[in-house]
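Below are some questions and answers on how this model is put together. Please look over the sequence and the structure before reading on.

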Amino acid sequence: MSTSTSTSTTTSTTSTTITDAGIKVTQARVVKAEFLKVRTLRSTLYTLGIAVAAMSGIGILICWTTANDWNNMRPRRQLRFNPLEDSLVGFHLAQLAIGVFGVLLIAGEYSTGMIRSSLAAVPKRLPMLWAKVFVGAVVTFCVMLPSTLITFFVSQRLLSVRHIQVSWSTPNVPRTVIGVAMYLTVVVVLAIGLGALIRNVAGAIAALVGVLLVLPVIALALPQTWADRINKFLPSNAGQALLGFTGDSTQMTPWRGFALFCGYAIGAIAISAWLLRRRDA
Amino acid sequence: MIEAHSLSKRYGTKLAVDDLSFTVRPGIVTGFLGPNGAGKSTTMRMIIGLDAPTSGTVAVNGHRYADSPAPMHEVGALLESKAVHSSRTARNHLRVLATTCGIARSRVDEMIELVGLTDVADKRAGGFSLGMGQRLGIAAALLGDPSTVVLDEPVNGLDPEGILWVRNLLKGLAGEGRTVMVSSHLMSEMAMTADHLIVIGRGRLIADMSVEEFTQSASSDVVWVRTPHHARLTELLAAPGVAVVFSEPDGLQITGMGSDAIGELAAAHGVALHELTPVRASLEEAFMELTQESVEYHGGSVAS
């Protein structure tokens with residue numbers, strides 16, 4: 001009884017048999033749907049593309065010019081060069097692109113009205129949030145880990161011409177390289193949390209930039225004793241402790257700092273989950 | 001089946017829905033009528049759990065929509081035409097919704113064909129006209145083969161052909177035994193589509209009756225009579241096809257008999273009339289009067 005034309009049909013809505021048991025909402029299906037959402041938006045390509053380009057492009061470019069220019073560089077500049085840190089410096093920019101990706105995952109639905117369709121399909125609501133966190137984290141890690149590894153190995157290969165590279169087997173190098181991908185993965189979770197809280201793309205991006213980049217700058221204005229006490233607990237400083245970059249003695253230890261950073265992200269998700277259950281969509 | 005019990009919704013200081021109780025039955029098209037801002041959309045949003053009631057409950061098939069294990073099979077809803085991510089294509093939008101509960105891809109293609117969006121299915125929904133957006137929303141609503149369909153102003157933005165299509169679609173869905181609730185602010189549209197009417201104004205229930213009753217009371221010739229002897233006149237008027245409604249303090253609203261016949265009947269029996277006025281109201285006028293005076297009419301004076 002399937003009728004094909006649009007205007008003359010009165011029925012034909014039952015041509016595919018759908019049984020009650022067949023179309024239950026499950027967490028696995030909601031995850032699949034969120035993957036499909038990510039795949040079917042062009043903004044995913046743009047934001048992740050920029051993140052990869054920033055991550056790999058900046059580090060490789062720096063190492064390439066450094067290798068070429070090494071013999072002309074002043075000793076002081078040579079001393080300041082850090083083959084590990086400078087090859088991965090692109091993560092600063094990548095975290096913004098990743099943050100926008102995370103914010104768009106949920107706040108983009110509020111801006112367009114899609115959220116009403118999403119919540120009507122998943123009226124228990126929380127499975128949708130868990131799925132977004134899972135999908136955002138998996139996609140970010142799976143894209144940024146290879147990107148970070150490639151950046152590291154290509155950069156070191158370029159630097160090896162001047163014998164100024166670091167090797168993978170150097171202590172803490174694997175932790176730092178993989179840590180960049182892990183840091184960015186937590187950034188996306190934090191971004192999803194802020195997006196779900198603020199429900200507005202521009203507002204959530206501003207909040208994320210404020211938390212990650214502006215807070216540490218404001219903290220610089222504090223008196224030294226205060227700054228030493230507070231700075232290391234700020235989200236981005238705590239998270240970047242895992243990378244062990246600055247060698248600053250006031251930083252938290254790598255895993256403690258990273259655990260605190262995860263705590264901030266989980267806190268943001270927990271608050272947004274609580275509000276998602278309570279607020280009208 | 002949708003059952004609302006003392007449903008209320010307050011936004012800040014504004015009471016959008018006020019102690020609303022009604023039942024929407026399967027097998028017929030129920031029109032949900034009211035002027036703009038009457039609380040129709042709010043009520044529908046509460047049915048599918050987008051808004052939480054301030055007090056009262058609304059149940060679909062005996063339970064809260066959010067408690068349904070297969071929500072899309074239970075209720076299909078078209079709320080706002082643009083509940084769509086503007087940069088996703090129509091087909092992908094439907095596929096995303098279908099995936100949340102494991103609906104097959106073939107069903108998505110079927111719905112696209114049903115609503116007539118085949119040619120634009122792979123275009124971004126953000127570029128859709130209002131009418132195309134409505135068709136996409138209807139496709140989404142029907143995706144899960146729901147036993148209850150809730151559509152908020154589905155004919156908005158549709159061309160006459162589209163309006164006719166929706167009208168037939170709704171009747172077809174009801175004919176299959178589904179519960180169909182469709183809102184509108186156009187009485188004339190509802191008169192052609194619906195079997196039953198729930199009329200609300202300022203968030204309150206004004207009328208809950210069949211379209212037939214409504215049409216009879218509104219569009220047939222009504223004669224308005226004022227007389228101190230209303231009980232006596234009512235007795236005299238008793239005849240098949242004549243309906244008399246008494247209204248305080250001394251008015252009678254008479255349908256089924258012309259003003260000439262009423263006047264002569266009264267004269268023959270010596271009943272004094274203070275007023276004898278033929279009233280001819282269109283459906284639209286009747287509806288407007290009903291909703292404008294919604295506060296006065298509250299109390300179920302016309303509730304069946």
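**Layout of the two chains**

Q: How far apart do the C-alpha centres of domain 1 and domain 2 of chain B lie?
A: This is a predicted model. The domain assignment divides chain B into domain 1, residues 2-211, and domain 2, residues 222-279. Between the C-alpha centres of domain 1 and domain 2 of chain B the distance is 43 Å.

Q: How many helices and how many strands are there in chain A?
A: The C-alpha trace of chain A spans about 85 × 45 × 30 Å along its principal axes. Read from the N terminus on, its elements run α-α-α-α-α-α-α-α-α-α-α-α. The count for chain A is 12 helices and 0 strands.

Q: Which helix of chain B gives the most to the side that touches chain A?
A: The contact between the chains takes in 51 residues of chain B and 42 residues of chain A. On the chain B side, helix 2 (71-74), helix 3 (90-99), helix 4 (105-114), helix 5 (130-142) and helix 6 (160-175) each supply at least two residues. With 7 residues, the one that gives the most is helix 6 of chain B.

Q: What is the make-up by class of the side of chain B that touches chain A?
A: This side consists of the 51 residues of chain B that are in contact with chain A. Sorted by class, they are 25 nonpolar, 14 polar and 12 charged residues.

**The sheets of chain B**

Q: Which residue stands opposite B:S8 in strand 4 of chain B?
A: Strand 1 of chain B covers residues 2-11 and pairs with strand 4 of chain B in the antiparallel sense, over 5 bridges. In strand 4 of chain B, the residue opposite B:S8 is B:S55.

Q: What is the bridge partner of B:H196 in strand 9 of chain B?
A: Strand 8 of chain B, residues 196-201, pairs with strand 9 of chain B over 6 bridges, in the antiparallel sense. The partner of B:H196 in strand 9 is B:S210.

Q: Through how many residues does the hairpin join strand 11 of chain B to strand 12 of chain B?
A: Strand 11 (243-247) and strand 12 (251-255) of chain B run antiparallel and are joined by 5 bridges. Among the facing residues, B:V245 stands opposite B:Q253. The hairpin between strand 11 and strand 12 of chain B passes through 3 residues.

**Helix packing in chain B**

Q: Are helix 3 and helix 4 of chain B oblique or roughly parallel to each other?
A: Helix 3 and helix 4 of chain B pack with their axes 10 Å apart, at an angle of about 135 degrees. Helix 3 of chain B passes helix 4 of chain B in a right-handed crossing. At that angle, helix 3 and helix 4 of chain B are therefore oblique.

Q: Are helix 3 and helix 5 of chain B oblique or roughly parallel to each other?
A: The axes of helix 3 and helix 5 of chain B lie 10 Å apart, at an angle of about 25 degrees. Angles under 35 degrees count as roughly parallel. Helix 3 and helix 5 of chain B are therefore roughly parallel.

How values were computed: Residues are numbered from 1 along each chain as its sequence is written. Chains are lettered from A and ligands numbered from 1 in the order in which they are written. This is a predicted model: local features need pLDDT of at least 70, side-chain atom pairs count only at pLDDT 80 or more; totals for chains, interfaces and linings use all residues. Two strands pair if DSSP finds at least two bridges between them. Helices (H or I, at least four residues) and strands (E, at least two) are DSSP runs, numbered from the N terminus. Domain bounds come from an automatic or database domain assignment. Two residues are in contact if their C-beta atoms, placed from the backbone, lie within 7 Å. Ala, Val, Leu, Ile, Met, Phe, Trp, Tyr, Cys and Pro count as nonpolar, Asp, Glu, Lys and Arg as charged, and the others, Gly among them, as polar. Axes are lines fitted to C-alpha atoms, for helices over the stretch in contact, and angles run from 0 to 180 degrees between N-to-C directions. Angles under 35 degrees count as roughly parallel, over 145 as roughly antiparallel, 65 to 115 as roughly perpendicular and the rest as oblique. A crossing is left-handed if the near helix is turned anticlockwise from the far one by less than a right angle, and right-handed if clockwise.
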